Amino acid sequence: MSMHYKKFPRAVVVAILAMSVTMSIAQADDDRDERYGEKSSGKNGGENRGKPLHPAQTNAKFQQECSTCHVAYAPGLLPAESWRKVMAGLDKHFGSDASLDAQDNKEITAFLVSNASNRWNASTAPLRISEAAWFKREHNDREISPAVWKNPQVKSPANCAACHPDAERGDFSERNIKIPK
Amino acid sequence: MFREFHVLGIALVTVAGLMAQPAFAETPNEILASIQKEAAGTPGLQEFSVARGESFFKTKHGNEWSCASCHTENPAAPGKHAKTGKVIQPLAPSANAERFTNPKKVAKWFKRNCNDVLDHACTLQEKGDVLAYLLTVKK
């Protein structure tokens, strides 16, 4: 038993070290942005996506229900008010009926609202992620040629996974982009 | 200590997994029977028809999409969401054993898709016809 006690903390230390290394790699991209004064809320007019994009603890209902027709967009991509509006209008969800029963709707809304962007300082609340200022800036014509959007493999800005293979996990890092030819 | 955690953890995961099974798992034939039962007594009700179901499935009903727009003309093949392009697993029970086994899911999707294709709910006749058709589609 005493041997187990000695082993246990070492394993934990190793795990924590490994986690912190991977986390700092994953966040390196975003941190580079921050040097340009993001904290002053000036950048993107306050329409900034959150950090982290996906909470450590996800929600099974959200994963299941929001990934049937499109990738489950990370809650941190929009502010809380946007999610409230989206979830209140699911019967007319961008041209499709995506309604849920009241109980599922309530549970998913709560999850989205409590994990919404924590860096959104503007009073705006767009329904489309592609209307957010941070999105437009990251995908402007100099970054992404208009031809890319016309590629049938991309089809629509809603199709994150066309170029961000790990969009489902909330990984949109610059290092992990594959634009289809 | 670790080992004890493992055993407990596996036990918990197993129990949770069992509980996550849909409480009212049914077969597609049972779902069809329950549509039949619910429809009984509706004025003008006809016996469910495979041919009518197939034609309903493949025809547009005033809107931009038919059922086949996303599920394709062959419901035993994978489809693609007409707007987002996301892959949709086959709809025919012969090709996808999960289809029409969970009444809650069946109700959710009939509501959504009938609204998209027809702009209103489907009648029990239409649901019965379509399911009768889907049950005849071979893999």
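How many helices and strands does chain B have? The legends below take up that question and a few others, using a predicted model.

**Figure 1. Overview of the two chains in the predicted model.** Chain B has 6 helices and 2 strands, which follow one another along the sequence as α-α-α-α-β-β-α-α. Chain A has 6 helices and 0 strands, so its pattern from the N terminus is simply α-α-α-α-α-α. Buried residues account for 20% of the 181 residues in chain A and for 24% of the 139 residues in chain B. For contacts between residues at least 6 apart in sequence, 70% of those in chain A join residues at least 24 apart; in chain B the figure is 62%. As for confidence, the model has an ipTM of 0.78 and a pTM of 0.77. Chain B has a mean pLDDT of 89, with 83% of its residues at 70 or more. A friendly reminder for any view: where pLDDT is low, the predicted coordinates should not be read in detail.

**Figure 2. Where chain A meets chain B.** Chain A brings 13 residues to the contact, and chain B brings 11 residues. On the chain A side that touches chain B, 7 residues are polar, 4 are nonpolar and 2 are charged.

**Figure 3. The largest nonpolar core, in chain B.** This core holds 16 residues, and the ones touching the most other members are Ile31(B), Phe57(B), Val130(B), Leu131(B), Ala132(B), Tyr133(B) and Leu134(B). Two or more residues each come from helix H2 (28-39), helix H3 (50-58), helix H5 (103-118) and helix H6 (124-136) of chain B. Which helix gives the largest share? That is H6(B), with 5 residues.

Figure 4. The peptide bond between Lys51(A) and Pro52(A) is cis, with omega at about 0°. Further along, Ala60(A) belongs to helix H2 (residues 60-65). Is Ala60(A) buried or exposed? Ala60(A) counts as exposed because it has 10 C-beta neighbours inside 10 Å, and the cut-off for exposed is 12 or fewer. Look also for Ile108(A): it is 48 residues from Ala60(A) along the chain, yet their C-alpha atoms are 9.2 Å apart.

**Figure 5. A positive phi at Lys155(A).** Although Lys155(A) is not a glycine, its phi is positive, at about 70°. You will find Lys155(A) in the segment after helix H6 (146-150) of chain A. Lys155(A) counts as partly exposed because 14 C-beta neighbours lie inside 10 Å.

**Figure 6. A positive phi at Asp119(B).** Where does Asp119(B) lie? Asp119(B) is in the loop between H5 and H6 of chain B. Asp119(B) is not a glycine, but its phi is positive, at about 75°. With 11 C-beta neighbours inside 10 Å, Asp119(B) counts as exposed.

How values were computed:
Residues numbered from 1 in each chain as written. Chains lettered and ligands numbered in written order. Predicted model: local features only at pLDDT ≥ 70, side-chain atom pairs only at ≥ 80, totals over all residues. Helix = DSSP H or I, 4+ residues; strand = E, 2+ residues; numbered from the N terminus. Contact = placed C-beta atoms within 7 Å. pLDDT = per-residue confidence, 0-100. Nonpolar A, V, L, I, M, F, W, Y, C, P; charged D, E, K, R; others polar. Core = buried A, V, L, I, M, F, W, Y, C linked by C-beta atoms within 7 Å.
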